Amino acid sequence: MNFRPRHRDEPEINLIPFIDVLLVVLIFLMLSTTYSKFTELQLTLPVANAEQQRNRPKEIIVSVAADGRYAINKSAVQDRSVAVLAQALTTAAVAGLDSIVIISADAMAPHQSVVSVMEAARRAGLSQITFATQTSAAAGMAK
């Protein structure tokens, strides 16, 4: 008979698998969460506070109407194709390749119309492009 007392090992709680499971659940919750706050934003563009435009010979002002019609330096362009726009921009570029293209698009103009103007400027070799905006005060009066 063996009457010596047995040494019992204390039971240990292994936390590593528990932490692994919690991290997997945390990653799942982070990836599956929707951020509906961003869908609630109401944006009205374009508006900016900038100085008033001055008429400079290096500037080519391309106006884009809400229905997608174009005008270059206040003269209407009959065709809406990129090739015709590129030709009209080349003709209007008095300062050559140093000319600055200012796109003055209506806030409700189709995005494709603005992209077409940018593509026509690229084809004409005009790399300096900027966008015209209205001041915040003028936007408030128009409403």
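Visitor: Which residues of helix 3 are buried?
Guide: Those are Ser113, Val114, Ser116, Val117, Ala120 and Ala121. Buried means under 20% relative accessible area, exposed over 50%, and partly exposed in between (1.4 Å probe, protein chains only). This is a predicted model, where local features need pLDDT of at least 70, side-chain atom pairs count only at pLDDT 80 or more, and totals for chains, interfaces and linings use all residues. Residues are numbered from 1 along each chain as its sequence is written, and side-chain values use heavy atoms, with hydrogens and water left out.

Visitor: Why do the buried ones line one face of helix 3?
Guide: Looking down the axis of helix 3, they fall within an arc of 155°, so they line one face. The arc is that of the directions from the helix axis to the C-beta atoms.

Visitor: And which exposed residues does the face turned away carry?
Guide: His111, Gln112, Arg122 and Arg123.

Visitor: What covers the buried residues of helix 3?
Guide: The cover includes strand 1 (59-64), strand 2 (70-72), helix 2, strand 4 and strand 5 (128-131). Helices (H or I, at least four residues) and strands (E, at least two) are DSSP runs, numbered from the N terminus.

Visitor: New topic: where is serine 99 found?
Guide: Serine 99 sits in the loop between helix 2 (82-92) and strand 4 (100-105).

Visitor: Is serine 99 buried or exposed?
Guide: Serine 99 counts as buried because its relative accessibility is 0%.

Visitor: What lies 3.0 Å from a polar atom of its side chain?
Guide: That's the backbone oxygen of glycine 96.

Definitions and conventions
Polar contact = N/O pair within 3.5 Å; in protein donor to acceptor, adjacent residues only side chain to side chain. Contact = heavy atoms within 4.5 Å.
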